[in-house]
Amino acid sequence: MRAVCIDTTKCIGCRACQVACKQWNQLPAENTEFGGTYENPSKFMHDTWTRVHFREHRVNGEVQWLFAKSQCMHCTEAACISVCPSGATHRTEMGTVLIDNRRCIGCNYCAANCPFAVPRYDHKENAMKKCNFCYNRIVDGLSPACVKACPTGALQYGERRVLMLEAEKRVNNLRAAGYRDARVYGLEEMGGLGVFYVLRDRPSAYGLPDSPKVPMSAYVWGTAFKPVRALAVLGVFLGLVANRFRTRQNQPQETVRGD
Amino acid sequence: MTNHWIDLRNSDCFLVIGSNPAENHPISMKWVLKAKERGAKLVVVDPRFTRTASQADLYCPLRPGTDIAFIGGMIKYILDNNLFNREYVVEYTNASFLVSPEFSFHDGLFSGYNPSTRSYNKSSWVYQLDENGVPKRDKTLSDPNCVFQLLKRHYSRYDSDTVSRITGAPKDLFLKVAETYSATSQPGKAGTIMYAMGTTQHTVGTQNVRAYAILQLLLGNVGIPGGGVNAMRGESNVQGSTDFALLFHILPGYLRYPVATDRDLATYLKNSTPTTADPDSVNYWKNFPKFFISLMKAFFGDKATAANDFCYDYLPKAGGNYSFISLFEAMYEGVIKGLFLWGQNPCVGGPNANKEAKALENLDWMVAVDLWETDTAVFWKRPGVNPADIKTEVFLLPAAASFEKEGSVSNSGRWAQWRYKAVEPPGDAKSDLEIVSLLYKAIRDKYQGSTSIKDRPILDLTWNYGSVDHPDVHLVAKEINGYDLTTHRLLPSFASLKDDGSTSCGCWIYSGWYTEEGNMAARRDDSDPSGLGLHPRWSWCWPINRRILYNRASCDVNGTPWNAQKALVQWDEERQQWITYDVPDFVFRTATGSHVRPEVSAKSPFIMRVEGLGCIFADGTADGPFPEHYEPFESPVKNMLSSQQINPVIKIWSGDMNPRAAIGSADYPLIGTTYRVTEHWQAGAMTRNLPWLAELMPEMFVEISPELAKARGLKPGELVKVVSPRGEVYAKVCITERIKALKVGGLFYELVGMPWHYGFNGFVTGGKDRSKNYAANLLTAHIGDANTMIPEYKVFLCDIRKVM
Ligand code: SF4
Ligand code: SF4
């Protein structure tokens with residue numbers, strides 16, 4: 001299985017990855033405003049698939065400024081796949097999670113059930129949009145555009161097992177250097193993330209959910225109703241409004257000032 | 001850079017001061033982080049906690065404009081605790097030289113100061129000479145007049161309490177920085193200083209760099225892998241443009257520009273060529289006449305002959321200072337009538353942008369050569385003016401971007417890397433070379449047939465680059481390399497240059513970059529035999545592909561490397577020869593090929609210096625042989641070290657449109673500083689017009705501490721006005737823990753920081769209201785460094801006002 005490791009300890013918040021994503025995928029720029037922090041655009045949009053979080057904290061009087069790229073995590077237990085009524089959201093032969101635009105009906109279920117609030121509705125195409133792991137690059141043996149652009153090596157692409165071993169080594173070094181909360185994020189979470197992290201601190205310090213979970217509804221939907229899912233498409237329409245509301249609620253809670 | 005980018009990975013400790021590599025030189029962090037993985041320490045000293053600081057092992061704040069106090073304190077710490085590399089200091093620097101007993105320093109002034117001219121008579125800043133005219137030395141370093149003792153005395157006032165009171169750096173952090181960094185004086189350890197415009201853009205900018213150089217010499221950090229004094233240049237090719245004399249006071253290759261008193265060639269060469277009676281000194285600048293006369297042969301070809309002083313008279317003799325501020329003052333006074341802006345946007349990037357924009361109104365004509373219609377190209381319709389009132393005729397010439405033309409780019413590490421054209425420039429856009437060539441043709445045509453002697457320089461200029469409309473950049477590169485004019489072959493290096501007119505060379509330090517063997521800058525062999533990242537066959541670097549300058553100093557006197565694992569050059573006693581991984585920066589073999597013993601070259605490891613040694617004491621600057629702390633032009637406090645408030649030799653311009661806030665001004669109680677962010681480039685034309693970059697940093701902002709926000713009742717994202725005596729700028733509030741008030745002289749002073757990329761024209765200007773000006777430089781002053789006249793962008797006084 002192919003994966004990306006984001007070693008946040010090497011990230012300098014330059015956002016080359018964010019721009020490379022827009023460039024490779026030819027996504028138009030958002031009309032943004034300065035909202036008091038460097039982080040921008042302020043949330044995922046149908047034209048913004050990856051964003052770097054900027055979080056600052058004062059710990060024992062010392063400032064910490066943490067950066068973490070965020071995007072679809074390409075979860076092993078992907079809630080978006082289990083709830084997708086049309087089968088548009090699926091796992092590719094590369095092990096990544098992809099939304100097939102032609103089959104997507106824009107029902108928003110994936111977004112409502114994604115613990116990372118990733119997929120976004122695109123009005124123009126009536127479809128959900130998110131990071132596709134640069135599918136059209138990796139099938140040709142290239143690394144994703146963000147990885148290619150990263151100047152420091154904070155982003156690494158490769159075989160998941162190999163990257164995971166490296167990540168664990170790195171975490172051990174960090175622990176030895178006194179970072180007691182250092183960890184790999186994505187080893188177990190959601191059955192294992194296809195895009196996982198080396199963190200020096202707890203996930204919420206980076207604006208990531210501390211313990212992401214597949215919502216119960218997604219389990220129920222995914223297992224019990226799978227055979228009759230197509231029928232349920234009709235019901236989806238009614239659920240849309242409620243789900244949009246839930247998507248908003250599902251944003252990772254931000255308790256510290258973002259910057 | 002004395003070293004180069006990849007070499008950063010060889011360092012054991014980084015002192016990042018006056019720079020912010022993670023944001024402004026992000027690729028450098030690749031090498032810094034590699035070194036960190038090996039256990040290297042990253043120390044960041046900066047007024048703000050930057051993205052670089054986020055990676056630091058040790059961060060220490062300091063008040064903008066107080067680097068000399070900080071580094072001076074480190075120097076004292078090193079001397080007091082005997083932490084310097086004694087062999088290096090005694091043998092490779094001028095620490096042991098005896099200075100004239102006439103030399104003195106008192107209350108902020110060195111001997112020889114003339115207050116009416118605001119300048120120094122340097123006659124006492126000299127060495128004591130023996131009967132042969134050779135400087136006297138005391139290698140025990142105990143003579144009270146030796147450089148070492150003078151240094152000790154000079155910095156004795158810079159104790160850690162004083163340093164902390166001046167700089168606002170907490171004493172414990174300052175001491176931690178001093179301790180961490182001075183550990184690199186251990187033989188085998190390397191410390192590097194990474195600096196940029198946070199260092200230079202001050203009224204004491206040159207002396208800031210001098211302070212770093214002294215620190216590095218004391219620690220034995222110059223000439224070694226992972227060491228050096230490393231200027232990270234502000235643009236991809238600014239190293240190249242400096243090498244090729246972008247500055248007014250030099251000719252290509254850092255040849256001194258002639259001034260009015262250099263009456264004729266002989267006088268000029270005499271005044272430009274250093275001499276020494278010391279038989280041990282290589283004094284490489286003794287070759288100045290070869291470099292200069294070969295340059296004149298490149299300029300004027302056959303027209304330059306020994307009989308006519310090689311056209312020396314064609315060069316206009318400088319009668320003053322023609323730096324950036326001076327030029328704009330001259331426009332403001334109506335002296336200069338026409339202006340070419342070549343990739344420049346002074347309405348955003350110039351100091352005191354209000355005054356500079358006003359100065360442009362006095363021009364008859366102005367030409368902007370740029371990729372975009374810059375803010376300056378439309379200065380006549382900037383916020384607050386009536387275009388009908390401005391008579392300047394403005395032209396915009398579209399220029400090709402770097403991917404639309406072929407040529408070289410010289411990076412900070414002096415590597416000249418050849419680039420190819422990827423795409424044709426759009427529309428009428430042309431490369432700079434084409435534009436210059438067409439301009440030259442048009443000008444020459446106007447003078448054609450003139451018999452007036454004053455027009456000869458234009459008519460006699462060589463211009464042999466193939467088609468005038470589409471000049472061949474390879475012919476330019478070859479002209480730079482230089483020819484043997486007898487054989488018409490390209491020169492192998494500047495060692496072949498002659499002062500008799502038989503060679504030509506457009507820039508002596510680049511001689512060897514385009515030889516009979518081909519275009520060296522285009523080489524792309526990434527092999528690395530030394531394992532130190534020297535990559536000697538990747539592109540080409542000046543001089544003569546030497547990757548690390550002063551590399552003789554990487555070994556002790558006997559030629560044994562300080563660090564055996566990181567040998568650049570090494571004396572093999574058994575074979576009686578040098579093993580070289582880098583191109584030696586010393587005379588390592590004789591003309592007949594036999595190798596010269598290490599004790600000989602140990603006497604002159606700094607071949608470009610007339611002493612042959614690194615200069616702890618140096619007379620080259622206008623403001624003193626040792627860096628001394630003076631307050632910035634605008635400061636909240638009095639100078640705590642002397643009664644000289646500001647650098648006593650800086651030029652003070654008229655107060656017209658350039659008012660100054662008083663010391664500790666109540667109207668302007670905040671310390672302002674400006675900087676760049678990763679997402680934007682310089683004055684913004686190249687990035688504010690790119691939606692993908694604009695979305696990341698769409699608007700002008702001002703960073704303030706939570707305490708200041710609370711005191712002023714400001715909310716994140718709120719629009720405010722930042723005001724200085726010279727202007728006001730609109731910005732949105734960024735409240736951040738990364739900025740903290742600094743305790744200076746017992747009181748707390750708040751700091752505000754602003755990016756200077758924004759303006760009033762382009763896809764994004766800096767704010768949604770396009771009738772406003774968002775250029776931070778509306779606040780800065782027309783005041784510059786005493787040597788370079790680089791503007792003091794990095795510190796001024798200001799205040800924040802709520803917008804109702
Ligand atoms: S992050 Fe969300 S959208 Fe991506 S695979 Fe996981 S559940 Fe699906
Ligand atoms: S490109 Fe790399 S270093 Fe830059 S923000 Fe993205 S992950 Fe971080």
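1. Salt bridges across the interface. In this predicted model, 6 salt bridges cross the interface of chain B and chain A. One salt bridge pairs the side chains of A:Arg15 and B:Glu679, with N to O at 2.9 Å. Polar contacts between chain B and chain A come to 18 residue pairs, both residues at pLDDT 80 or more. On the chain B side, the elements giving two or more residues are α1 (21-24), α2 (28-37), α21 (691-694), β26 (701-704) and β28 (727-735). By class, that side of chain B holds 21 nonpolar, 6 polar and 14 charged residues.

2. Extent of the interface. Chain B puts 41 residues into the contact, and chain A puts in 37 residues. About 3,200 Å² is buried between the two chains. Carbon and sulfur atoms give 57% of that area. Which residues of chain B lose the most area to chain A? They are B:Trp692, B:Glu695 and B:Glu737, together 24% of what the chain B side buries.

3. Helix α2 of chain B. B:Glu37 sits in this helix. Its contacts, leaving aside neighbours within four places in sequence, are A:Lys10 and A:Arg170. B:Glu37 is partly exposed, because its relative accessible area is 48%, and the cut-off for exposed is over 50%. From B:Glu37 to B:Leu141 is 104 residues in sequence and 39 Å in space, C-alpha to C-alpha. The helix also has buried residues: B:Ser28, B:Met29, B:Trp31, B:Val32, B:Leu33 and B:Ala35. Their cover includes β1 (13-17), α1, β2 (41-45) and β8 (191-195) of chain B. After the helix comes B:Gly39, with a positive phi near 110°.

4. Ligand 2. The residues around ligand 2 are A:Cys11, A:Ile12, A:Gly13, A:Cys14, A:Arg15, A:Ala16, A:Cys17, A:Val52, A:Cys150, A:Pro151, A:Thr152 and A:Leu155. By class, the shell has 9 nonpolar, 2 polar and 1 charged. A:Arg15 belongs to this shell and also forms the salt bridge to B:Glu679.

5. Ligand 1. Here 13 residues surround the ligand. The closest are A:Cys72, A:Met73, A:Cys75, A:Cys80 and A:Cys114. The shell divides into 11 nonpolar, 1 polar and 1 charged.

6. Chain A as a whole. Chain A has 8 helices and 10 strands. Of its 259 residues, 61% are buried. Among contacts in chain A with a separation of 6 or more, 62% join residues 24 or more positions apart.

7. Salt bridges within the chains. The count over all chains is 51 salt bridges. In chain A, A:Arg102 pairs with A:Asp100, the closest N and O atoms being 3.3 Å apart. Are these two partners buried or exposed? A:Arg102 counts as exposed because its relative accessibility is 75%. A:Asp100 is buried, because its relative accessible area is 17%.

8. The side chains of B:Arg157 and B:Glu628 form a salt bridge at 2.7 Å, N to O. B:Arg157 lies in the loop between α5 (147-154) and α6 (160-167), and B:Glu628 in the loop between α19 and β25, so the pair ties together parts 471 residues apart in sequence. B:Arg157 is partly exposed, at 24% relative accessible area. B:Glu628 counts as buried, at 2% relative accessibility.

9. B:Lys802 and B:Glu718 meet through their side chains in a salt bridge of 2.9 Å, N to O. The pair links distant parts of the chain, 84 residues apart. B:Lys802 is in strand β32 (residues 796-802), while B:Glu718 is in the loop between α22 (706-712) and β27 (719-724). B:Lys802 is partly exposed, with a relative accessible area of 36%. B:Glu718 is buried, at 17%. Elsewhere, salt bridges that share partners join A:Arg15, B:Glu23, B:Arg51 and B:Glu679 into one network.

10. B:Gln645. This residue lies in the loop between α19 (598-601) and β25 (670-675) of chain B. B:Gln645 counts as buried because its relative accessibility is 16%, and the cut-off is under 20%. A polar atom of its side chain lies 2.9 Å from the backbone oxygen of B:Val637. Not counting residues up to four places away in sequence, B:Gln645 touches B:Tyr630, B:Glu631, B:Ser635, B:Val637, B:Lys638, B:Asn639 and B:Ile663.

Terms used. Residues numbered from 1 in each chain as written. Chains lettered and ligands numbered in written order. Predicted model: local features only at pLDDT ≥ 70, side-chain atom pairs only at ≥ 80, totals over all residues. Heavy atoms only, no water. Contact = heavy atoms within 4.5 Å. Buried area = accessible area lost by both parts, 1.4 Å probe. Salt bridge = Lys/Arg side-chain N within 4 Å of Asp/Glu carboxyl O. Polar contact = N/O pair within 3.5 Å; in protein donor to acceptor, adjacent residues only side chain to side chain. Helix = DSSP H or I, 4+ residues; strand = E, 2+ residues; numbered from the N terminus. Nonpolar A, V, L, I, M, F, W, Y, C, P; charged D, E, K, R; others polar. Buried < 20%, exposed > 50% of the residue type's maximum accessible area, 1.4 Å probe, protein only. Near = heavy atom within 4 Å.
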